Each structure stands twice: as C-alpha cells, then as structure tokens.
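Thanks for passing this one along. Here are a few friendly notes to read beside the model.

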Amino acid sequence: MCMEGGCIMTTQKPLTGAQVNKYGFYLFASSTAAMIQMTYMTIFMTDYIGIPTAVVATTLLVARVIDLIIGIVSGGIIEKVHMRWGKYRSWLLILRWVIVFSLVCSFFDTSSWPLAFKVGVSFIGYILLNASMSFTTNAYYALGPALAGANLNDRFRLSARGAQFMCVAMLLTSAVTLPLVNVLTPVCGAANAFLVAAIIFAVPYIFGCQVVSNLCKECDPSGKFDESGRPHKSQVTVMDMIRSVARNKQLLVMFLAMTVYYVGFYVFSNFGTYYFTYIVGDFNLFTVSMTVTTITGFLASLIMPKLGGKLGKKKAFIAAMVIYAVVCVAYYPAGANWIFYTVLAAVGGAAIYLFSSFGANYFVDCGEYYLYKTGIDTRDVAIAMYSVPMKIGMMLGGAIATYGLAALNFEAHMGVDQAFYNGFMSLRSFAPAVLILLGGLIVAFGYKITDKDAQMYAEENAKRAAAKAAEEKK
C-alpha cells in the first residue's frame with residue numbers, strides 16, 4: 001500500500017484475511033452493544049421514563065465527567081495491572097459481563113419510580129457501560145500493534161476492517177432498533193421494548209470479546225510470566241506516564257484536534273432523535289434516514305479508506321474535517337426536509353471514513369514517536385488517550401445539546417413554534433461546523449508525523465526491543 005511519503009515496504013509476514021476479520025469483528029460486536037445507548041438513552045430518559053430535560057443534562061454531564069477521569073487513567077491501570085488471562089485480554093473477558101448488565105440498567109423501566117431512583121439507575125447504566133468500555137476499547141486497540149507488529153500496512157488493515165464492521169453494526173442497529181421496539185411495544189410496553197432490544201444487541205459482544213481474545217492469546221505481552229510464575233511487572237512509573245503525555249507535543253496536538261472534532265460531532269448527533277421527533281414530526285423516519293446513511297456509509301467504508309491511505313493520515317484528517325464542516329452548515333437550509341438532510345448526512349458520513357479508518361493509529365504513531373525519542377515505552381498510555389477525546393466530546397457535546405434544548409424551553413411532547421425551530425436549527429448546524437473545522441486547522445498547522453516517519457519509528461522500536469530481549473537471554 002502506498003501512503004504519504006512513498007510506498008511503505010516491510011519484510012514482516014502480513015496477517016491473513018481471517019486474522020484481520022476476527023480482529024475487526026470485535027468492533028461490530030462492541031458497536032451493536034453501545035450504539036443503542038448512545039443513540040436512544042437521552043430520549044428514553046426524557047420521553048419514556050419522564051426525567052426532566054435539565055435533570056437529564058446534569059445527570060449525564062456528571063456521569064461523563066466521571067467517565068472522562070476513568071478514561072484518562074485507564075491506560076495507566078492497564079499498563080500496571082497484569083492479570084493471568086493477559087495484559088489486554090483479561091479486561092475483555094471480565095468486563096463484557098459488566099457491559100451487558102449496564103445496558104439493563106440503561107433501559108430499565110423506572111417510569112413509576114421516584115425521580116431520584118430513576119436518575120440513579122440511569123446514572124449507573126451510563127457509568128458502567130462507558131467506564132468498562134474505556135478499559136476494553138483501550139485493551140483492544142493495544143492488541144492491534146501487538147498482532148501486526150511493526151507492519152504499518154497490517155495496522156491499517158486491522159483498523160480499516162474494524163471501521164467497516166462498525167459500519168455494518170450501525171446499519172443493523174439503525175435499521176432494526178425502532179422496528180423491533182415497535183413490534184415489542186404491544187407485548188411488553190414501549191420502555192421494556194427498548195430493554196429487550198438492548199439485551200439482544202448486547203449478545204454479540206459476549207462472543208466478540210472471546211473471538212479477539214482467542215486470536216491474540218499468543219501476542220498479548222502479559223501472557224508471559226517470570227520464573228516464579230507471576231506476570232512480568234511494568235517498569236514504567238506513574239511519572240513516566242504523566243511526562244509521556246505532557247512532553248509529547250504531537251500527542252497533544254492530535255488529542256486537541258480530536259477533542260474539538262468530537263465535541264462538534266456530539267453536539268450534532270445528540271440532536272438526531274429530537275430533529276425527527278419535533279422538526280420533521282415523524283420519529284419513525286429516523287430509522288429510514290439512519291438506514292440509508294449507514295448503507296452509504298458502508299459503501300464509503302470500502303472506498304474512502306483507500307483514498308485516505310493515498311492522502312496519508314494528516315491530509316485525510318484535514319480533508320474530512322473541511323467536508324464535514326461544510327455539510328453541517330448546509331443542514332440549516334435543509335430545515336425539515338429530511339430527504340435533503342439524509343443526502344447531506346450521507347456525504348458527511350462518507351467523508352469521515354477518509355480518516356476514521358486509521359482509528360487509533362494516529363495515537364499509536366505518537367506513542368512510537370515518544371518511545372523512539374526517549375526510550376521509555378508508554379505506548380499503552382498514548383493508545384488510551386485515543387478514547388479520551390470521544391469521552392470529552394460526549395460530555396461537552398451532550399451538555400451543549402441538552403442544555404441548549406433546555407434554554408430553548410424544550411418540553412417532552414411539546415409543539416414547535418418558529419422561535420424554537422430557528423434556535424434548534426442554528427445550534428445544530430453552525431456550532432458543530434465551527435468546532436469541526438477548528439479540529440482540521442489544528443492538525444494542519446500542528447501535526448508533523450508523516451506516515452514514513454511513523455514506519456521508521458515502529459521498525460526501529462521493534463529492532464531495539466528484539467536486541468534487548470536477546471541481551472536479556474544471555
């Protein structure tokens with residue numbers, strides 16, 4: 001595969017298609033589990049179990065702050081805690097059960113309960129899922145470089161296939177969730193219908209964790225033990241971890257750019273269910289629109305990564321941000337025309353695949369860069385930082401959207417007047433556009449690691465590690 005800076009050549013034996021597919025399947029499974037909470041939990045809390053909008057906004061903001069803190073420290077915990085099932089695999093095998101339970105809490109019908117108990121159950125469901133996902137996602141992304149080694153082509157293949165599996169999961173959940181809820185509602189009620197749907201979508205995650213765990217059993221570094229039968233302890237200190245973030249300028253640039261992008265993205269996405277319910281006036285059209293955009297997204301996931309690979313990570317990121325920002329601005333004149341909205345969503349979603357198929361590799365490259373420069377291996381910390389911008393985006397973007405609704409005097413099942421319409425459409429279009437474009441500008445002027453540099457860092461770090469291991473055996 002050719003990337004920015006020339007064709008990347010490697011002598012390492014490439015991964016098989018079966019290995020790439022097994023690794024990518026995990027993101028299908030995790031996406032089906034998480035997508036229903038991400039898409040429907042806010043409107044479930046306001047419209048189905050009767051929590052006031054401002055209380056929902058505050059509850060989720062507090063939960064997201066806690067989740068953010070957990071996300072920040074999760075990489076360090078993974079680095080320091082080695083369990084017998086593997087440094088990374090253990091988190092997948094254990095926390096999958098917690099994640100299933102969290103979905104039960106997220107969509108448990110508490111409509112007849114006192115407000116404090118409603119809020120408490122929803123809070124627990126949100127925290128358990130997202131905090132657990134911090135560990136399982138970071139562990140999963142750390143297994144990618146362990147499986148592919150220094151072969152950046154294979155790292156890209158793993159990431160791109162994962163993005164394609166995620167798109168399939170989005171297609172499935174967008175096409176099936178509301179029709180499934182509608183079928184189940186006469187049987188068990190609307191709120192319980194969401195609960196049953198959430199449990200159904202959680203089942204693949206149990207198997208997805210097992211599949212990737214079996215695949216990576218031999219390459220998980222903590223599967224190796226010392227002479228006493230105990231897992232090898234990390235030699236990286238807490239201060240090493242802190243310094244690896246504070247002193248890694250390229251990591252900070254990418255972290256800031258991703259954070260700003262995700263804040264804009266989640267401002268926009270948190271309005272989705274409300275747009276179809278109150279602006280378009282037909283919640284069921286949300287399913288139609290999401291199904292169309294995920295079909296086009298899947299097609300884009302087959303084509304756009306190739307274009308992104310030719311552009312290189314930096315140019316692909318910038319191009320995606322510019323296109324997506326323009327699309328966000330165009331949502332305003334689209335108004336209640338959901339067909340025009342869907343066309344725009346398809347274009348924006350396709351553009352995102354220019355860079356999203358690189359996935360955690362942006363942060364892996366920053367970790368390899370720091371290891372090459374300092375000799376201190378804090379790549380787990382760098383990889384863990386990949387999920388933190390998303391969490392900040394969910395926290396701030398969700399707060400902006402939900403508090404924005406409250407500022408517009410939103411009430412469940414309200415009628416829409418011109419003032420609400422104008423405020424809603426302005427907030428949904430222009431705020432995301434500015435933030436997303438800013439993310440692209442940060443990378444354009446601040447990010448310096450080329451794909452050729454990243455390949456050199458990875459290969460040189462692998463050589464040093466092999467030489468150290470050979471020396472220790474003597």
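1. Burial comes to 55% of the 474 residues of the chain, where buried means under 20% relative accessible area with a 1.4 Å probe, counting protein chains only.

2. Before going on, please keep in mind that this is a predicted model, in which local features need pLDDT of at least 70, side-chain atom pairs count only at pLDDT 80 or more, and totals for chains, interfaces and linings use all residues. Residues are numbered from 1 along each chain as its sequence is written, and side-chain values use heavy atoms, with hydrogens and water left out.

3. The chain holds 17 helices and 2 strands, taken as DSSP runs numbered from the N terminus (helices: H or I, at least four residues; strands: E, at least two). The radius of gyration, over C-alpha atoms, is 22 Å, close to the 23 Å of the globule rule (2.2 Å times the number of residues to the power 0.38), so the chain is as compact as a globular protein of that length.

4. Which residues make the contact (heavy atoms within 4.5 Å)? Among them are Phe-317, Tyr-324 and Tyr-331 of α11 and Phe-340, Gly-348 and Phe-355 of α12. By class, this contact has 20 nonpolar, 1 polar and no charged residues; Ala, Val, Leu, Ile, Met, Phe, Trp, Tyr, Cys and Pro count as nonpolar, Asp, Glu, Lys and Arg as charged, and the others, Gly among them, as polar.

Technical notes. Contact means heavy atoms within 4.5 Å. Buried means under 20% relative accessible area, exposed over 50%, partly exposed in between (1.4 Å probe, protein chains only).
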